[in-house]
Amino acid sequence: MNGAALGPVIAVVGPSGVGKDSVMTGLVAADPRLTLLKRVITRAPEAGGEDYTPVTEAEFAARQEEGEFALHWQAHGLFYGVPAAAVLAQRAEGRGVLVNFSRSVLFDAQEAFGDLIVLNVTASPEVLAARLAGRGRESVEEQAKRLAQAAKPLPEGLTQVHEIDNSAELSAAIQAALDVIFAAQAESA
């Protein structure tokens, strides 16, 4: 990636507890050509997890109405937004922009960004269950709902989908993702 070309948008998807945030943080630490997009979420600031911009539902609706988001969606009782200006600024620097997307908006993201690279982060059901229980953000019932969603496949027809197994060492998943990202960039150059 260089300053003259737009950097790619890299959609990082996968079930709750799979380690998407850990993979993305590791990718940014491993390579300065990558950056992590900070989403806008109607989650309380003290809820923890990823680095995000917390807003109320009213604030989210106002930002949506103003056209601030390149994409937005609702999942797990929360609203999520991808700030358009931030994506464009980071891409203009030639950097790959990592975004934690919902599966439900992948086609919209592919249409909006064109050269979308999808990293489908996976892990075994046992690993997912242990991670969800360990983070303590959801009730037992909510954990069960999220585990049931984990087996849902990605929509068909996406152009660049790559599976990244994060069941074992995080470093192995990060290296596999780096290999995919830069191989995809070399092919499109």
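Guide: We begin with a definition: a salt bridge is a side-chain nitrogen of Lys or Arg within 4 Å of a carboxyl oxygen of Asp or Glu. The model is predicted, so local features need pLDDT of at least 70 and side-chain atom pairs count only at pLDDT 80 or more, while totals for chains, interfaces and linings use all residues. Residues are numbered from 1 along each chain as its sequence is written, and side-chain values use heavy atoms, with hydrogens and water left out.

Visitor: What makes D51 and K38 a salt bridge?

Guide: Their closest N and O atoms are 3.7 Å apart, and the limit is 4 Å, so the pair qualifies. D51 lies in the loop between β3 (40-41) and β4 (53-54) and K38 in the loop between β2 (34-36) and β3, so the contact ties together parts 13 residues apart in sequence. Helices (H or I, at least four residues) and strands (E, at least two) are DSSP runs, numbered from the N terminus.

Visitor: Why is D51 called exposed, and K38 partly exposed?

Guide: Buried means under 20% relative accessible area, exposed over 50%, and partly exposed in between (1.4 Å probe, protein chains only). D51 has 55% and is therefore exposed; K38 has 38% and is therefore partly exposed.

Visitor: How many salt bridges does the rule give?

Guide: The count comes to five. Among them is E93 with R95, whose closest N and O atoms are 3.8 Å apart.

Visitor: Why are the buried residues of helix α4 said to lie on the same side?

Guide: In α4 (residues 106-113), L106, A109, Q110 and F113 are buried. They cover an arc of only 100° around the axis, which puts them on the same side; the arc is that of the directions from the helix axis to the C-beta atoms.
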